[in-house]
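Reader: Could you take me through the labels on this one, and set each value against its cut-off?
Author: Gladly, have a look here and ask away.

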Amino acid sequence: MPPTDKNKKKAAGAREKQVASSQVASSYTARKQVFGKTQHSHQPQVTDYLKKKGFTKTEAVFRQETAHLGPDGRPTQRPDEGPKKYLRGFLLLQGWIDNNLEIYKFELRKLLWPMFVYSYIELIAQSQTDEAKNLLTTLRPQLAAAHQDDLNLFASITLPQHLKENNTTKRYRENKYRIPLNQSLSGNLFHFLEREAEAGGAVVTYILQTYCQVDVSARGPIEPYSFEAILRRAQNMELEEMDAQEGIPGVFTGLSNKDLLDASVPLKLGPLPMETDLRDDVRAELAEEDQLHPPAEGRSTLVEEFDQKIKREDSADAPSRAELPLPPSRARDVVMEMQKVRENRDRFRIEGRTGGIGIGVSICMFTFHNTLGSVSCMEFSNDNQLVAAGTMDSYIRVWSLDGKPLKSTLEGEKDLKVNNRKLIGHSGPVYGLSFSDSIANLDRNIYPDSSDKPDTSTKLLLSSSADGQVRLWSLETWTCLCIYKAHDGPVFRVQWGPHGHYFATAGWDKTVRIFAQDHASAQRLLVGHDTSISALTWHPNGTYVFSASDDTDKSIRMWSIITGNCVRMFTGHTDYISSLQCAPNGKILASADSSGNIIFWDIDKGMRIKRCRGHGKGGIYSMSFSAESTVLVSGGNDGTVRLWDVELPADPAKANPLATTSVQAGQQPDGAVAGADSIAVGGPSDPRSIAVGNQVAPATNTSTQGAGVGSGGAAPGKKKGKEVQVTPDQISAFLTKKTPISRVRFTRMNLVVAGGCYDPQR
């Protein structure tokens, strides 16, 4: 065969092989495409089958493997979300937490702060400054309540170099953020993150694995009202390591398990020591006063009284004065301390228990008429010269209690003779008032070189309102000196600290804020309550403050002003907590609620001492302790002022000689004794009588039911209202006709000042 024919046959064979190969390849590709389309078309049926059979894990794996298959059955390229993945992951985690059970939300929400912090740090480290700012701006409203100061700090960190220089970020990067979690929660969390890996779960898992240490526990969930938390607090169980080490060392990371469980944090409840120079000046002036006015026979000198006070201040549990910065003392402070010593010596003394016999405490009652329900709060000055009332119409009115003209330092008002002034500035109802400290002045000038003796009268007034503002008013010029804007929403409570300079505010935004008079922004932000705050009071040494939540939370928290931490938590009320008051000895806290209960707490142990009953429902608006901390006065919506023996009766049967015997004696769950005084509304012998034990006393013609007052017009033998059980530690009860008591206060001389608004509709 010629060479040309052979070459032609070889070329034809090669072409045939090439065509056959291409046909096989095309057929194979077509089959793959058909298989891929078939696989995708049958995916819903497969997942439905797995779900029906209960193969949840297999279903999750199947979804994950088929999530990124293209039309040809081949894996598709997964897009890189870049820096936006951190925000997406945070929002995914937050949504899952919000949809979880309420009992788990407290533990789970503690994941959000480290998620934000380390997302921000990652973005800054990658030089993604714009995305980091966007993350901060987007999440600030959700995190600001507990971390306002920290967010301001992170806003100033914009470069990778800042991460290395800032102490806070260095601690976050050098330490693992420890998070204690319930075992079932931990399993559910990581299963959710694995299932939603492509929706943002992967970045959350990365942050938890890289920067955090999740400590898993088999115990029940830790939440303020969970069984586990209540049991551990009641039995004073030791903290587990994961609770003690929660968060980052030396950095505030929000309310922790330690705050809820640890009732053994040592407290410094003693009085704050007096400034050395002030103490020396006061002692020297008191010695001179003793020479000019020697005490009566049998009465201690002012110097002896002062030395006893200083001795109490030197107790081992007293805080250091360096821990609470205060401005230097002035001549006015010397005079005020002198007068406090004098009033403490000359006070009406209430020593020890009274055996239930009514003591001779005088009560001066001020009744406001024609208010038409407009008065929302009331306050008396410490020198008993002024009373202020806040109104629902957004203004404040101040009166002189003795009717004398109010002073003014303004040139055009020196000849003005009025006994009340109106302060206008708020744009919403006024909910809180507080006068600065004051006292009656000396009758002589201890500084002869000065033409005018120091003025110890009230100089300033604080007010809080629904407009979210706290205003500082001058009572010399009757003008607003400063506006403090920090709260988000209405501010319900405001109160000066016991040493002045600092004051506390509390409001609808669930926070307590500590201000210094000369700073427009808050010095401390105290966060931990779940609902808005209804009551507020200071500890006498000025280093602690107490706050109570409204009718949803119903917890009381004790905060350290020095550290900003929650050091005690008191739970036990079942109704809205309407009032708080701390005893002058700094050891006892009293709290009252809308059902007429008063509970006494041992502050150091964090335990309840006893519960007192006597007030009717409607709320106890105000309480105050005597100078010895042995008697409490309370006033409320039932129109009564009541005196209580603070000390727990050693022998309940002898606590009150008027105790009725109609009920078998026995210890009640709340510490009350059956057979205690009861107030029968509409008794059988007289429809307007109050039955105290076996004795009947005439009562005022009032129609309040269950409030401890009689009811006029009821038919004999029928009860118009409920019978109010009175515990034997009630000493006395003083009734008004139709006046709910808005404010009661023990003066330094152990006299009681009370005020309320007459309500003809009662």
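Reader: Why is threonine 630 called buried?
Author: Its relative accessible area is 9%, and buried means under 20% relative accessible area, with exposed over 50% and partly exposed in between (1.4 Å probe, protein chains only). Threonine 630 is therefore buried. This is a predicted model, in which local features need pLDDT of at least 70 and side-chain atom pairs count only at pLDDT 80 or more, while totals for chains, interfaces and linings use all residues. Residues are numbered from 1 along each chain as its sequence is written, and side-chain values use heavy atoms, with hydrogens and water left out.

Reader: Where is threonine 630 found, and what does threonine 630 touch?
Author: Threonine 630 sits in the loop between β24 (620-625) and β25 (631-636). Helices (H or I, at least four residues) and strands (E, at least two) are DSSP runs, numbered from the N terminus. Not counting residues up to four places away in sequence, threonine 630 touches Ile350, Trp644, Asp645, Val646 and Glu647, where contact means heavy atoms within 4.5 Å. Threonine 630 and valine 646 are 16 residues apart in sequence, and 5.1 Å apart in space from C-alpha to C-alpha.

Reader: What makes histidine 501 count as buried?
Author: Histidine 501 has 17% relative accessibility, and the limit for buried is under 20%, so histidine 501 counts as buried. Its place is in the loop between β12 (491-496) and β13 (502-507). Leaving aside neighbours within four places in sequence, the contacts of histidine 501 include Pro325, Leu326, Pro327 and Trp496.

Reader: How do you know that alanine 388 is buried?
Author: At 0% relative accessibility, alanine 388 counts as buried. Alanine 388 is in strand β5, and among its contacts beyond four places in sequence are Cys377, Ile396, Val398, Leu433, Phe435 and Leu461.

Reader: And lysine 105, buried or exposed?
Author: Buried, because lysine 105 has a relative accessible area of 9%. Lysine 105 lies in helix α5 (residues 102-109) and, not counting residues up to four places away in sequence, touches Ile97, Asp98 and Asn100.

Reader: Why are α4 and α6 called roughly antiparallel?
Author: Helix α4 (residues 85-98) and helix α6 (residues 112-125) pack at an angle of about 175 degrees, with their axes 10 Å apart. Axes are lines fitted to C-alpha atoms, for helices over the stretch in contact, and angles run from 0 to 180 degrees between N-to-C directions. Angles under 35 degrees count as roughly parallel, over 145 as roughly antiparallel, 65 to 115 as roughly perpendicular and the rest as oblique. The pair α4 and α6 is therefore roughly antiparallel. On the α4 side the contact is made by Tyr86, Gly89, Phe90, Leu93, Gln94 and Ile97, and on the α6 side by Leu112, Met115, Phe116, Ser119, Glu122 and Leu123. These divide into 8 nonpolar, 3 polar and 1 charged.

Reader: What counts as nonpolar, polar or charged there?
Author: Ala, Val, Leu, Ile, Met, Phe, Trp, Tyr, Cys and Pro count as nonpolar, Asp, Glu, Lys and Arg as charged, and the others, Gly among them, as polar.

Reader: How do you know that α7 has a kink?
Author: The kink in α7 is about 115 degrees, centred on histidine 147. The bend at a residue is the angle between axes fitted to the seven residues ending there and the seven starting there. Helix α7 (residues 129-155) has 27 residues, yet its end C-alpha atoms are only 10 Å apart, short of the 39 Å a straight helix would reach at 1.5 Å a residue. That expected span is 1.5 Å times one less than the number of residues. Histidine 147 is also one of the buried residues of α7, and what covers those residues includes α4, α6, α9 (167-174) and β15 (524-527).

Reader: What makes serine 127 exposed, and asparagine 384 partly exposed?
Author: Serine 127 has 52% relative accessibility and therefore counts as exposed. Asparagine 384, at 29%, counts as partly exposed. Serine 127 is in the loop between α6 and α7, with phi near 65 degrees. Asparagine 384 is in the loop between β4 (375-380) and β5 (386-391), with phi near 60 degrees. Most residues other than glycine have a negative phi.
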